[in-house]
Structure formats: C-alpha cells, structure tokens
Amino acid sequence: MQLTSLFDFISPKLIRIKGTRVGIEIVIEKFLDGASPDEIRRLHPHLTLKQIYGTITYYLFNKEPIDAYIEAGRKQAEEAYDEQRKNPPPGVARLMKIKAQREALHLQLREKS
C-alpha cells in the first residue's frame, strides 16, 4: 500500500485525509505540538488510527515539502483574515460598529462613576 492512497490531493494547497474533510495539517500540527496518535484520535474520533499513523508517517517521509505546505496555508489564512478585517462583509461591519458603540458607552459610564 502506498501512503499517498490515504489522501485526496485536491490541489497543491489542499490535501485531505481520504473520506474526510480533514486536512493533513490538522493531524500534523497536533503531532508537532506533542499529541500522541491516541490523543489525536480522542480529539478527532472520526479518524482511524490507520489514518492518523499514516498521516504522521507521510509527514516524516516528506517533512520539507509538508512543512512548506503548512506554512503556505498559514500565510494564506493570515492574509485572508487581514483582508476580511480591512473589508468586512456588511453584516460584520454593522456588528463591529455596534460593538464599538457599546464599548464607548461603557467607557463613558465608568468615567462618570
């Protein structure tokens, strides 16, 4: 069996564990944070130990390109977050305005008391 058969290579920016919507970075990041395969399984009971061990093994054999894949994903997520904060959808902009007004009101009330 080839390890790659455990994954769906949807695009260069998206590799999922076959049969799930879980990107390999989810398992790898938990592994790199010190979680054991059993701990990862408890956090993601829909994954099998075979999928978890396979993902970790694939990572260990392809460390450099997978590290680059994860870093590119992080960078893309940060850029998307920054862009959304600069140009929020109308509903989000409205909620942000309401929040700012409430915070200003609370500040005024504290200053008066």
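This is a predicted model: local features need pLDDT of at least 70, side-chain atom pairs count only at pLDDT 80 or more; totals for chains, interfaces and linings use all residues.

Biologist: How much space lies in the largest pocket?

Modeller: About 260 Å³. Residues are numbered from 1 along each chain as its sequence is written, and side-chain values use heavy atoms, with hydrogens and water left out.

Biologist: Fine. What counts as a pocket?

Modeller: On a 1 Å grid over the protein atoms alone, it is an open set of points where a 1.4 Å probe fits, with protein on both sides within 12 Å along at least five of seven lines; lining residues have an atom within 4 Å of a point. The volume is the space filled by probe spheres set on the points, which are joined across faces, edges and corners.

Biologist: Switching topic: which residues have the most contacts inside the largest nonpolar core?

Modeller: Phe7, Ile17, Ile24, Val27 and Ile66, in a core of 18 residues. Such a core is a set of buried Ala, Val, Leu, Ile, Met, Phe, Trp, Tyr and Cys residues joined through side-chain atoms within 4.5 Å. Helix H3 (49-61) gives the most to this core, with 4 residues.

Biologist: And what stands opposite Phe7?

Modeller: Ile17 in E2. Strand E1 (residues 7-11) and E2 pair in the antiparallel sense over 4 bridges; pairing needs at least two bridges found by DSSP. A hairpin through 2 residues joins E1 to E2.

Biologist: Back to H3, then. Is Gln51 buried or exposed?

Modeller: Gln51 is buried, because its relative accessible area is 13%. The cut-offs are under 20% for buried, over 50% for exposed and partly exposed in between, using a 1.4 Å probe and protein chains only. Leaving aside neighbours within four places in sequence, Gln51 is in contact (heavy atoms within 4.5 Å) with Ile17, Lys18, Thr20 and His46.

Biologist: Last one: where does Leu107 lie?

Modeller: In helix H5 (residues 90-112). Leu107 is partly exposed, at 48% relative accessible area.
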